[in-house]
Amino acid sequence: IDDYLIDVTILSNRADAMCYLIFAKELAAYFNSKINEIKPTDGLLESTINVKKQLVKTNSLSYIEALNKDISLSIQDQFFLWKHKIKTFDNAVDLTNLTLLYAGVPCHVYSDKDLKSNEFSTALVSNKVVILGNKEVQLDNNLVVKNGDDIVSIAQVIGLENYSDIDNAKKLVFELGSFDLKEIRKSAKTLKLETNASQRGS
């Protein structure tokens, strides 16, 4: 074949390039071309959720509310997850994994029935928490996301068991955040939690 074969390696300091969007932008910059921009869909963006202004060790934190019945995945998206050896569980959870693969943005999803407050914040805490998989871990000044006074996830690492049940939820809350890389690396290492989300953030 009269063509070029390009072998590309992602360096350890470019975890952001482990997603398709950033990788495509890097290749486009090298070949002096452009990628097709993702067009936003029309939607009614109204919410009562409030993010605390003074966040700890956080670059950005945003939330999107959606009706559970409006979320569906195509068979192509499911095959895309299987290709990356990610099991499919629930449309909402699968969507968070797709977001991570496509855009490199770690995403959590909560059921609105489990959230006791409209306010989200971040903090460094040293509590015992039960993470997904019903495993108890001891935090030692680790960065967490809080809903009101309750811890809902270890930031960009893993969610908590108490907030994993999204079955039969009428409304879902999706969390997208960018946090201090040192804090993500610390949580992943000290708690021995190497997740897909933590790898993108460390």
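The model is predicted. Helix 2 spans residues 75-83 and packs through its buried residues against helix 1 and helix 3. An open sheet of 3 strands has the order 2-10-3, and helix 3 lies across strand 3 and strand 10. The largest nonpolar core has 27 residues, and a second, separate core has 9.

**Helix 2**

- Asp 77, Phe 80 and Leu 81 are the buried residues of helix 2.
- Viewed down the helix axis, these buried residues fall within an arc of 95 degrees, so they line one face of helix 2.
- An α-helix has 3.6 residues a turn, so residues three or four places apart point the same way.
- Gln 76, Phe 79 and Lys 83 are exposed on the other side of helix 2.
- The buried residues of helix 2 are packed against helix 1 (20-30) and helix 3 (91-103).
- Lys 85 follows helix 2 and has a positive phi, near 60 degrees.

- The 3 strands of the open sheet, ordered 2-10-3, pair in antiparallel fashion.
- Strand 2 and strand 3 (107-111) are at the edges with a single partner strand each, so one side of each has no neighbour in the sheet.
- From one strand to the next, the twist averages 20 degrees.
- Strand 2 and strand 10 run antiparallel and are joined by 9 bridges.
- Glu 65 has Val 173 in strand 10 as its bridge partner.
- Helix 3 runs at about 160 degrees to strand 3, lying across both strand 3 and strand 10.

**Thr 96**

- Thr 96 is located in helix 3.
- Its relative accessibility is 7%, so Thr 96 counts as buried, the cut-off being under 20%.
- With residues up to four places away in sequence left out, Thr 96 touches Cys 107, His 108, Val 109 and Phe 174.

**Nonpolar cores**

- In the largest nonpolar core, the residues that touch the most other members are Phe 120, Val 129, Ile 131, Leu 139 and Ile 154.
- At least two residues of this core come from each of strand 2 (58-67), strand 4 (119-125), strand 5 (128-131), strand 7 (142-147), strand 8 (150-154) and strand 10 (171-179).
- Beyond its neighbours within four places in sequence, Leu 139 is in contact with Val 125, Ser 126, Asn 127, Val 129, Val 144, Ile 154 and Leu 191.

Notes: Residues are numbered from 1 along each chain as its sequence is written. This is a predicted model: local features need pLDDT of at least 70, side-chain atom pairs count only at pLDDT 80 or more; totals for chains, interfaces and linings use all residues. Side-chain values use heavy atoms; hydrogens and water are left out. Buried means under 20% relative accessible area, exposed over 50%, partly exposed in between (1.4 Å probe, protein chains only). Helices (H or I, at least four residues) and strands (E, at least two) are DSSP runs, numbered from the N terminus. The arc is that of the directions from the helix axis to the C-beta atoms. Contact means heavy atoms within 4.5 Å. A nonpolar core is a set of buried Ala, Val, Leu, Ile, Met, Phe, Trp, Tyr and Cys residues joined through side-chain atoms within 4.5 Å. Two strands pair if DSSP finds at least two bridges between them. Axes are lines fitted to C-alpha atoms, for helices over the stretch in contact, and angles run from 0 to 180 degrees between N-to-C directions.
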